[in-house]
Amino acid sequence: MFPERHFINSAISYFTRFVVDCGYVKQRQYNPSTGMYSLDVVEISRVQADQRAGRAGRTRPGKCYRLYPSSIYQKEFLEATIPEIQRTSLAGSVLYLKSLNLPDIDILKFDFLDPPSRESLEDALRQLYLIDAIDESGQITDVGRLMAELPLDPSLSRTLIEANELGCLSQALTVAAVLSAEITLRQTRSKEMEGKRKRQQLPDGSGWGDHVQLLQIFESWDQADYDPRWCSDHDLQVRGMKFSKDVRNQLSQIIQKIAKGPTDLQARRGRKSDPDYRKLRRALCVGYGNQLAERMIHHNGYHTVGYRTQLVQVHPSSVLEGDEYGKLPVYVVYHELINTTRPFMRNVCGVEQTWVKPILKKLEKLNINKLSGGSSALTDSGPLEEKQPGSPTKAAAAKQSDVDSKIQAARERYLARKGKK
């Protein structure tokens, strides 16, 4: 017998004969100038319109009703959907390119099949430099090579490596897993559920922020022996919590070869936890050095610290707390910026000013052209060797020409394979 859910989906697919196409889609896009993600309503492409029409009558004749004239389809719709490489953060992709041990690759001049904007590439280089993945000349560091081996966002990878050095790897693994699973609170559906939630409050993050709260939630679930009913009682998605547990187990196995301490979840039954979570917050500050914000002087608004500052606010759902005067921490790190009614920081954690100083110094001597890499950046970065008139220039030109020919040959092979499909 088929499972009930599979049977329902099969029935819907079989009986679907009509599709109504409005001509729009919600698309998540990244703005490199602000470092902010937004969920925008945009027009679909012709490829998407044809795909929607194809969903009508896959098993028997059907119709697609389009709520726009054919002139818009022909003249206004793009031919194909904008590639994801042009609407997402490229920090992970650039880190992978840097880890290929090809010193002549210049990131800003690399011949991508679907070239992203220069601004996106510069943003990725800045991010990697601020979290120590690349050095001042754009060469990948030992830390960067370790980061490239982890199947995580570069900021989370850097957090785990720093936590391993500080002795809080177990806590950082939990935070990375829960952030990867994107755990969210379910909305209460009745007064009875609202009352139950008031009686069984979730951990408050000890006032330090959302990362600490996520850690405390997972540890509380561990104390409940991973009971799904505990998640339901606290308005947590059972599926998301189970997924975070699986992610944590996988990350523990991957990082085992470099771990300096235990990776298993350290149960807190019968012993007090560190109320400050100082080591974990410091690891987060290093890992999210490219996502810092400084509080304004006269109110609890923040401005981002980096290439282009902008005013942001802590998301209303955050558990970050202020001091006795109601003032929030001077510096915070955030997991992401989202733009809804206004720019908000999601998943915020308070950090100390002394941890931020090294990052601010790195911002002062940031040079994008050097970070890009390649032969030109290496020769401009310092007096590596004395230049002889004629020979080094010819050798570098010949080497660059060889690299260009290899890239062109790879591109032609790819296009040939694509044309056969």
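Reply: A residue is called buried under 20% relative accessible area, exposed over 50% and partly exposed in between (1.4 Å probe, protein chains only). Helices (H or I, at least four residues) and strands (E, at least two) are DSSP runs numbered from the N terminus. This is a predicted model, in which local features need pLDDT of at least 70 and side-chain atom pairs count only at pLDDT 80 or more, while totals for chains, interfaces and linings use all residues. Residues are numbered from 1 along each chain as its sequence is written, and side-chain values use heavy atoms, with hydrogens and water left out.

Me: Why is helix 8 called largely enclosed?
Reply: Of its 13 residues, 12 are buried, so helix 8 is largely enclosed by the rest of the structure. Among the buried residues are Leu-169, Val-175 and Ala-181. Their cover includes helix 7 (154-166), helix 10 (210-223), helix 12 (238-254), strand 8 (331-339) and strand 9 (343-351).

Me: How do you know that the span of helix 8 agrees with its length?
Reply: The expected span is 1.5 Å times one less than the number of residues. For the 13 residues of helix 8 (residues 169-181) this gives 18 Å, and the end C-alpha atoms are 18 Å apart, which agrees. Just after helix 8, Glu-182 takes a positive phi of about 55 degrees.

Me: Why is the pair of Tyr-73 and Phe-77 called edge-to-face?
Reply: Rings of Phe, Tyr and Trp (its six-membered ring) pair if their centres lie within 6.5 Å; planes under 30 degrees apart count as stacked, over 60 as edge-to-face and the rest as tilted. The structure holds eight aromatic pairs. In this one the centres are 6.3 Å apart and the planes stand at 70 degrees, so Tyr-73 and Phe-77 are edge-to-face.

Me: What makes Phe-218 and Tyr-226 an edge-to-face pair?
Reply: Their ring centres are 6.3 Å apart and their planes are at 65 degrees, so the pair is edge-to-face. Phe-218, at 2% relative accessibility, counts as buried, whereas Tyr-226, at 25%, is partly exposed.

Me: What makes Asp-21 and Arg-52 a salt bridge?
Reply: A salt bridge requires a side-chain nitrogen of Lys or Arg within 4 Å of a carboxyl oxygen of Asp or Glu. The closest N and O atoms of Asp-21 and Arg-52 are 2.7 Å apart. Asp-21 lies in strand 1 (residues 18-21) and Arg-52 in helix 2 (residues 46-54), so the pair ties together parts that are 31 residues apart in sequence. Asp-21 is buried, its relative accessible area being 0%.

Me: How do you know that Glu-122 and Arg-118 are separated by about one helical turn?
Reply: They are four residues apart in helix 5 (residues 118-130), which is about one helical turn. An α-helix has 3.6 residues a turn, so residues three or four places apart point the same way. The side chains of Glu-122 and Arg-118 meet in a salt bridge at 2.8 Å, N to O. Glu-122 is buried at 16%, while Arg-118 is partly exposed at 45%.

Me: Why is Arg-158 called buried?
Reply: Arg-158 has a relative accessible area of 6%, and so it is buried. Salt bridges that share partners join Arg-158 with Asp-132, Glu-162 and Lys-362 into one network.

Key. Contact = heavy atoms within 4.5 Å.
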